[in-house]
Amino acid sequence: MTAKLSLRGVRKRFGDLEVCKGIDLDVGEGEMVCLIGASGSGKSTLLRCMNLLEPIDDGTIWLDGTDISEPGLDPQPVRQKIGIVFQSFNLFPHMTAAENVMLAPRRVRGLSRDTLRPRVTQLFARFGLEDRMDYYPDQLSGGQQQRVAIIRALAMEPEIMLFDEITSALDPELVGEVLDVLRDLRQQGMTMVLATHEMGFARELADKVCFLDAGRILEQGPPETLFAAPREARTKAFLSRVL
Amino acid sequence: MADTSSQNRAAELLAKTPTRREAYEADVRRRSNRIALISTVSVVLAIIVLVPLAPGWEAVQRAFFNGRVFAATFPGLLDAFLLNVMIFAWSAPLIALTGLAIALCRDARAPALFPVRLFGIAYTDVFRGLPVVLVIYIIGFGVPGLGLPRPWNSPYIWGTLALVLVYSAYVAEVIRSGIDSIHQSQRSAAASLGLSDRDIMRFVVLPQAIRNVVPANMNLFIALQKDVALLSFIGPVEVFRQAGVYKSLYANFTPYVGAALIFLVLTVPATRYADYLMNKQNRARS
Ligand SMILES: Nc1ncnc2c1ncn2[C@@H]1O[C@H](COP(=O)(O)OP(=O)(O)OP(=O)(O)O)[C@@H](O)[C@H]1O
Ligand SMILES: [Mg+2]
């Protein structure tokens with residue numbers, strides 16, 4: 001069985017700073033993989049490399065067995081297949097929630113607003129936001145904005161979703177509603193990679209947890225093993241700090 | 001029922017009674033308003049009383065503030081000002097469009113478009129580096145000097161071109177600063193959805209950038225409104241030139257004061273409004 005998304009020896013540097021120092025990672029179809037690790041360990045960078053927002057310096061990324069990391073390759077079709085949601089939502093402030101969601105399907109897929117509206121309404125309804133479709137981002141709570149950002153990514157019908165600490169900018173009472181969305185997606189069988197500080201959540205739902213330390217995956221495994229019996233001293237130290 | 005409504009009224013009354021701090025602040029405000037009023041009135045009075053005491057005042061009054069000349073020339077000046085308004089009205093959209101195009105040239109990142117980018121840089125450097133009046137002279141006298149047939153020798157065409165060249169360079173810089181002010185994460189978010197670079201610029205970056213620079217551009221267009229008067233050097237009889245004609249006719253400078261008034265009536269409110277927008281934006285950002 002080949003993995004849906006495979007990374008081999010992925011390296012990424014910013015100037016003199018090497019942020020990914022040879023990452024090997026497999027994400028199977030329908031799997032949920034969690035990246036944990038200290039601040040600055042390279043979680044966000046790794047996610048951004050996966051959907052080609054950052055070009056990698058060395059190594060290979062395969063999507064369904066196709067090398068997508070070939071330098072000079074057009075990144076647009078890949079990005080349509082791999083959606084990402086950011087910590088800071090990054091909604092477009094000059095568009096309503098619905099316009100935010102419809103922009104990419106309109107421009108990339110060439111669909112009209114009228115064709116899209118019913119489908120988009122359905123998506124909003126699924127995440128309990130049908131009465132907020134025509135609000136501007138600054139009229140929405142953080143939790144609502146983040147759910148709109150998720151809907152925006154889902155509207156392109158991606159095969160893989162990346163989530164970069166999507167709950168860490170939220171007030172504690174709003175975290176639950178966003179995590180519920182992830183549970184829902186998990187049930188639908190979406191392939192997902194999450195950078196997260198929500199250890200409880202990772203433990204509950206992840207198929208695999210990877211501990212990143214200074215640009216390397218130091219240790220990975222199913223959550224039961226990694227959380228209960230970490231092998232590496234640094235993993236132990238990190239977990240004892242956050243758990 | 002009646003009970004709750006009277007309770008509500010009591011609560012409202014309570015809400016309207018100023019707190020100690022509010023009372024204190026209101027008091028301070030009243031006092032500073034009073035002081036501002038008194039000092040303004042005394043300065044104005046001093047000017048009204050003292051200036052006429054100057055030895056040359058009567059001569060100045062006759063030459064610059066002559067009511068009879070003012071009444072005779074003001075309608076004519078207003079008429080001439082219509083020409084300023086017209087030149088402004090057709091220049092402004094041309095400037096906005098050219099400025100936008102130049103800003104986009106400067107932002108072209110693809111290597112094949114390097115000449116375009118170079119052109120954008122050269123354009124903004126050259127035309128921001130020249131006095132407006134010089135560009136108007138060079139183009140306004142130079143091009144018709146080629147002996148072009150009508151209507152291509154019209155000073156309106158070449159004067160407008162000069163204004164467009166200079167002002168679009170400034171507008172381009174303002175728009176570019178607006179583009180730079182849009183955070184990289186907005187581009188990332190758009191790119192992650194599979195949008196092309198063009199669409200990212202057109203639908204995500206530009207609409208926000210242009211909104212951010214509306215006040216700065218307003219200030220440019222206020223300056224443009226004044227600089228339209230410079231076209232008079234190459235022919236068009238707009239308000240400044242008309243004032244000059246009246247000055248010779250009446251041997252009196254009052255028409256210039258009339259022209260100045262016309263400009264101020266337009267530019268002062270516009271400047272206030274631009275400042276208001278700018279402040280509002282600064283407050284929203286902080
Ligand atoms: N565009 C960039 N240019 C230069 N350095 C960068 C850039 N992006 C990230 N870095 C650096 O790369 C390192 C890893 O950053 P990254 O954001 O991937 O870490 P992270 O694990 O996501 O941390 P956090 O938990 O704080 O989000 C950091 O030292 C950061 O300063
Ligand atoms: Mg991060």
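Author: Welcome! This is a predicted model, where local features need pLDDT of at least 70 and side-chain atom pairs count only at pLDDT 80 or more, while totals for chains, interfaces and linings use all residues. Residues are numbered from 1 along each chain as its sequence is written, chains are lettered from A and ligands numbered from 1 in the order in which they are written, and side-chain values use heavy atoms, with hydrogens and water left out.

Reader: How do you know which residues of chain B are in contact with chain A?
Author: Contact means heavy atoms within 4.5 Å. By that rule, 18 residues of chain B are in contact with 22 residues of chain A.

Reader: What area do chain B and chain A bury between them?
Author: Buried area is the accessible area (1.4 Å probe) that two parts lose on being put together, summed over both. Here that comes to about 1700 Å², with 61% of it on carbon and sulfur atoms. On the side of chain B, S192(B), L193(B) and F203(B) lose the most area to chain A, together 36% of what that side buries.

Reader: Why is the pair D199(B) and R107(A) called a salt bridge?
Author: The term asks for a side-chain nitrogen of Lys or Arg within 4 Å of a carboxyl oxygen of Asp or Glu. The side chains of D199(B) and R107(A) meet at 3.1 Å, N to O, so the pair qualifies.

Reader: What makes E99(A) and R113(A) a salt bridge, and which parts does the pair tie together?
Author: Their closest N and O atoms are 3.1 Å apart, so the pair meets the salt-bridge rule. E99(A) lies in helix 3 (residues 97-109) of chain A and R113(A) in helix 4 (residues 113-126) of chain A, so the pair ties together parts that are 14 residues apart in sequence. Helices here are DSSP runs (H or I, at least four residues), numbered from the N terminus.

Reader: Which residues have the most contacts inside the largest nonpolar core?
Author: They are L5(A), L7(A), L25(A) and M50(A), in a core of 81 residues. Such a core is a set of buried Ala, Val, Leu, Ile, Met, Phe, Trp, Tyr and Cys residues joined through side-chain atoms within 4.5 Å. Helix 7 (residues 155-181) of chain B gives the largest share, 13 residues.

How values were computed: Buried < 20%, exposed > 50% of the residue type's maximum accessible area, 1.4 Å probe, protein only. Helix = DSSP H or I, 4+ residues; strand = E, 2+ residues; numbered from the N terminus.
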